Amino acid sequence: MSTFRQHRWQSFLQGYEHRARLLISCPDRPGIVAAVTSFLYEHGANIVESSQYSTDPEGGTFFLRLEFDCLNVADRKETIEAAFAPIAEEFGMTWQLRLHNDIRRIAIFVSKAEHCLLELLWQWQAGELIADIALVISNHPDLRDVVEPLGIPYVHIPVTKETKADAEAEQIRLLRDYRIDTIVLARYMQILSPAFVAEFPGRIINIHHSFLPAFIGARPYERAYERGVKLIGATSHYVTDDLDEGPIIEQDVARVDHRHHPDDLKRIGRLIEKTVLARALRWHLEDRVIIHGNKTIVFY
């Protein structure tokens with residue numbers, strides 16, 4: 001890691017070395033919160049944030065996100081997990097204990113459009129996006145000069161119909177070599193194969209305009225202008241085999257009217273896209289998103 005990138009985390013790591021997060025989903029029934037909070041109390045934890053939701057108190061699914069301080073939690077993580085396992089089994093929980101300072105390593109995929117990439121890089125430099133941007137992969141060389149001065153490797157892997165399989169194999173190799181946890185498609189204009197998606201389930205985040213399922217394909221803003229749309233927006237979601245239909249993390253819209261020409265719509269759309277993608281990624285990095293089927297529970 002470059003000195004610049006490493007410097008991003010010094011104050012953050014020092015301030016939260018005793019903090020962790022517990023994410024739980026399970027069939028709803030009485031006693032879940034009492035069992036979990038009592039367990040944390042018995043292990044010397046102090047809960048600093050708690051969010052919960054039930055799809056239906058009578059036979060639904062219960063979701064819980066707890067953030068807590070616990071002395072030397074990094075050294076005790078495996079012990080705490082082992083002690084919690086019987087409770088998790090009793091309630092049929094799907095759960096995860098994650099250290100607050102377990103900084104995720106992310107890779108950004110980009111093509112020629114720069115607005116989403118620049119927003120992520122700016123928030124990262126400002127300390128608002130807590131992640132290690134370990135790698136940028138692109139099917140074009142255009143944005144190399146934006147990325148490399150920050151000490152982030154930029155890898156150009158051209159993709160054609162004939163070379164797509166080989167290109168994805170090389171991308172997967174790089175993602176493994178760089179120990180990438182999360183992949184962000186920052187207007188990466190290639191469709192990922194089912195085999196690629198299967199390598200990183202629930203760990204690929206995409207952004208696109210919110211006209212879908214209308215205006216599929218090329219020139220969506222021009223066709224939206226011709227149709228006289230009054231709202232445009234953006235959707236960020238996890239990638240699945242169903243194109244642009246994965247679990248939605250975040251959306252936003254802006255009102256437009258007859259005075260907005262296609263270039264205006266594109267400009268407004270870029271602003272919404274970069275903002276929505278940054279929010280979705282930040283919530284993912286903070287473990288605020290729980291995937292539930294083809295939906296998400298987001299504790300923001």
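At which residue does UniProt place the feature "active site"?

Mentor: UniProt, in an unreviewed entry, places the feature "active site" at Asp244; such annotations may be inferred rather than shown by experiment, and feature names are shortened, with positions given in the numbering used here. The model is predicted, so local features need pLDDT of at least 70 and side-chain atom pairs pLDDT 80 or more, while totals for chains, interfaces and linings use all residues. Residues are numbered from 1 along each chain as its sequence is written, and side-chain values use heavy atoms, without hydrogens and water.

Asp244 sits in the loop between strand S10 (231–238) and strand S11 (248–255). Helices (H or I, at least four residues) and strands (E, at least two) are DSSP runs numbered from the N terminus. Asp244 counts as partly exposed because its relative accessible area is 29%; buried means under 20%, exposed over 50%, and partly exposed in between (1.4 Å probe, protein chains only).

S10 and S11 each give two or more residues to the largest nonpolar core, which has 44 residues. A nonpolar core is a set of buried Ala, Val, Leu, Ile, Met, Phe, Trp, Tyr and Cys residues joined through side-chain atoms within 4.5 Å. Among the other elements giving two or more residues are strand S5 (105–110), helix H5 (115–125) and helix H10 (262–285). The largest share, ten residues, comes from H10. Leu120 and Ile232 touch the most other members of this core.

Leu120 belongs to the buried residues of H5, as do Cys116 and Trp124. Eight of the eleven residues of H5 are buried, which leaves this helix mostly covered. Apart from neighbours within four places in sequence, Leu120 is in contact (heavy atoms within 4.5 Å) with Ile108, Leu129, Ile133, Val184, Ala186, Leu277, Ala278 and Leu281. Just after H5, Gly127 takes a positive phi of about 80°.

Cys116 is buried because its relative accessible area is 1%, and Cys26 is buried because its value is 2%. A search of the whole structure finds zero disulfides, a disulfide being a pair of cysteine sulfur atoms within 2.5 Å.

Elsewhere, an open sheet of four strands has the order S2-S3-S1-S4 with antiparallel pairing; two strands pair if DSSP finds at least two bridges between them. Its edge strands, S2 (46–54) and S4 (94–99), each pair on one side only. Strand S1 (residues 19–27) and strand S3 (residues 61–69) pair over nine bridges in the antiparallel sense, and the bridge partner of Arg21 in S3 is Glu67. Helix H3 (residues 32–42) lies across S1, S2 and S3 and runs at about 20° to S3, whereas helix H4 (residues 73–91) lies across S1, S3 and S4, at about 170° to S4. These angles run from 0 to 180 degrees between N-to-C directions of axes fitted to C-alpha atoms, for helices over the stretch in contact.

Finally, strand S12 (residues 289–292) and strand S13 (residues 295–298) run antiparallel, joined by four bridges. Ile291 stands opposite Thr296 in S13. Two residues lie between the strands of this hairpin, where Gly293 takes a positive phi near 65°.
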